[in-house]
Amino acid sequence: MRARPTTTARILHLMREEMAATILLSNLSEHNLAEYSDTLILAAQTALSNQPAVAVELSVTFVSDEAIAELNTRYLGRSGPTDVLAFCLGDDPLIGDIYISVETARRNAVEFDVALVEELLRLVVHGTLHVMGHDHPEDDARDQSAMFKLQESLVDRLLSDLHER
């Protein structure tokens, strides 16, 4: 018998002089990600650090391949699972929903020989950048795009900060 996915949520209300942000993490996958929650919220915060908006509401939901494939078909007309989907729902305040397939993230981590937490950080940053309006080409030029370079710079900074702790 398959285990039922559980919903766990972690909400962070971040108030800075220039920005108020609410970040909601939800895990609807069958994978226990509780040990990563602080790190994943930090990833979203880091990506938002250059955001000019004064108010941000961001949800990050971890799902199964089956769930993300359904979203991918319904909203983008693409078949099959993907690693991350991001939707900007408003600009003032900035509102966005990010969906990440934990199963695809695990496969990516193996393929790229990185820890699962690093791949999840990368996908949270990637999705957050999309919500903020960044985009990249879908072809081989993707890795040379400004968005990809910014994403990797932010991930490198996060990993450096984590290793210093």
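Q: What share of the contacts in the chain with a separation of 6 or more comes from residues 24 or more positions apart?
A: Residues 24 or more positions apart make up 58% of those contacts, where contact means heavy atoms within 4.5 Å. This is a predicted model, so to read it: local features need pLDDT of at least 70, side-chain atom pairs count only at pLDDT 80 or more, and totals for chains, interfaces and linings use all residues. Residues are numbered from 1 along each chain as its sequence is written, and side-chain values use heavy atoms, with hydrogens and water left out.

Q: How many helices and strands are there?
A: The chain has five helices and five strands. Helices (H or I, at least four residues) and strands (E, at least two) are DSSP runs, numbered from the N terminus.

Q: In what order do they come?
A: Starting at the N terminus, the order is β-β-α-β-α-β-β-α-α-α.

Q: And how much of the chain is buried?
A: Of its 165 residues, 45% count as buried. Buried is under 20% relative accessible area, exposed is over 50%, and partly exposed is in between (1.4 Å probe, protein chains only).

Q: Which residues touch the most other members of the largest nonpolar core?
A: F62, I100 and L120 do, in a core of 37 residues. A nonpolar core here is a set of buried Ala, Val, Leu, Ile, Met, Phe, Trp, Tyr and Cys residues joined through side-chain atoms within 4.5 Å.

Q: Which elements give two or more residues to that core?
A: The strands are β2 (20-27), β3 (55-63) and β5 (94-101). The helices are α1 (37-48), α3 (102-112), α4 (116-131) and α5 (146-164). Of these, α4 gives the most, with eight residues.

Q: What does F62 touch?
A: Leaving out residues up to four places away in sequence, F62 touches L25, S26, N27, L28, S29, L33, L40, I100, V102, L120 and V124. There is also a second, separate core of six residues, with V63, I68, F87 and Y99 among them.

Q: Switching to helix packing. What is the angle between α1 and α4?
A: About 35 degrees, with the axes 9 Å apart. Axes are lines fitted to C-alpha atoms, for helices over the stretch in contact, and angles run from 0 to 180 degrees between N-to-C directions.

Q: Which residues make the contact?
A: From α1, T39, L40, A43, A44, A47 and L48; from α4, V117, L120, L121, V124, V125, T128 and L129. By class that is 11 nonpolar, two polar and no charged. Ala, Val, Leu, Ile, Met, Phe, Trp, Tyr, Cys and Pro count as nonpolar, Asp, Glu, Lys and Arg as charged, and the others, Gly among them, as polar.

Q: At what angle do α1 and α5 cross?
A: Roughly 135 degrees, with the axes coming within 10 Å. That makes α1 oblique to α5, since angles under 35 degrees count as roughly parallel, over 145 as roughly antiparallel, 65 to 115 as roughly perpendicular and the rest as oblique. The contact uses T39, L42, A43, T46 and A47 of α1 and L154, R157, L158 and L162 of α5. Those residues divide into six nonpolar, two polar and one charged.

Q: Is Q151 buried or exposed?
A: Q151 counts as buried because its relative accessibility is 4%. Q151 sits in helix α5 and touches R122, V125, H126 and L129, not counting residues up to four places away in sequence.

Q: Last one: where is L24?
A: L24 is in strand β2 and, at 28% relative accessibility, counts as partly exposed. L24 and D97 are 73 residues apart in sequence and 9.4 Å apart in space, C-alpha to C-alpha.
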